[in-house]
Amino acid sequence: MIKFEHVTKSFASSGGQTVFNDVSFELREGELFCLLGPSGCGKSTLLNLLAGFEDPTAGTITKRGQPIAGPGSDRGVLFQTFEALFEWGQVLGRGVSVIV
Ligand SMILES: Nc1ncnc2c1ncn2[C@@H]1O[C@H](COP(=O)(O)OP(=O)(O)OP(=O)(O)O)[C@@H](O)[C@H]1O
Ligand SMILES: [Mg+2]
């Protein structure tokens, strides 16, 4: 349903440095998809492309065969702000916050 094909993203404002290069994957309807990686590897950037907040530098992103041309009510984003997280959630009572 959602397809990334050879997607590259770089920001001119940071000297054209490439955040990620030639990323391709496909998500099927109803599939749960987790994007894991160290801070700064480009997770939010990739989600911003899917949300339509940013354009890819190269490659294509489509949903049901139609290019993502900007933000739309068919895609929702929960931003990674402290207020949006369940900071009161604990794992095994050990003080580890649950982040969703
Ligand atoms: N608008 C922007 N302009 C310039 N550089 C940017 C911009 N947005 C992100 N970057 C850079 O892209 C890289 C990836 O950032 P991103 O926020 O996508 O990482 P992340 O994997 O979501 O990190 P975190 O786990 O800390 O949320 C970083 O080097 C960041 O500085
Ligand atoms: Mg992030």
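Predicted model: local features only at pLDDT ≥ 70, side-chain atom pairs only at ≥ 80, totals over all residues.
Four strands make up an open sheet in the order 2-1-3-4, with antiparallel pairing. Strand 2 (17-27) and strand 4 (66-67) lie at the edges with a single partner strand each, so one side of each is left without a neighbour in the sheet.

**Strand pairing**

- Strands of a sheet pair through backbone hydrogen bonds, in either a parallel or an antiparallel manner.
- Between strand 1 and strand 2 the pairing is antiparallel and runs over seven bridges, and Lys3 has Glu26 in strand 2 as its bridge partner.
- These two strands, strand 1 and strand 2, form a hairpin with five residues between them, and in the turn Gly15 has a positive phi of about 75°.
- Strand 1 (residues 2-11) also pairs with strand 3 (residues 58-63), in the antiparallel sense and over five bridges, with Ile2 standing opposite Lys63 in strand 3.

**Helix on the sheet**

- Helix 1 packs on the sheet, where it touches strand 1, strand 2 and strand 3, and the direction of helix 1 makes about 120° with that of strand 1.
- Helix 1 (residues 43-51) also gives the most to the shell around ligand 1, contributing three residues.

**Shell around ligand 1**

- Ligand 1 is surrounded by 13 residues, of which the closest are Phe11, Ser39, Lys43, Ser44 and Thr45.
- Sorted by class, the shell around ligand 1 holds three nonpolar, nine polar and one charged residues.

- His6, which is not a glycine, has a positive phi of about 55°, and its place is in strand 1.
- His6 counts as exposed because it has 12 C-beta neighbours inside 10 Å, and the exposed class takes in residues with 12 or fewer.
- Arg64 likewise is a residue other than glycine with a positive phi, near 50°, but Arg64 is found in the loop between strand 3 and strand 4.
- With 9 other C-beta atoms within 10 Å, Arg64 is exposed.

Notes:
Residues numbered from 1 in each chain as written. Chains lettered and ligands numbered in written order. Near = placed C-beta within 6 Å. Nonpolar A, V, L, I, M, F, W, Y, C, P; charged D, E, K, R; others polar. Pairing = 2+ DSSP bridges. Contact = placed C-beta atoms within 7 Å. Axes fitted to C-alpha atoms, helices over the stretch in contact; angles between N-to-C directions. Buried ≥ 20, exposed ≤ 12 C-beta atoms within 10 Å, placed from the backbone.
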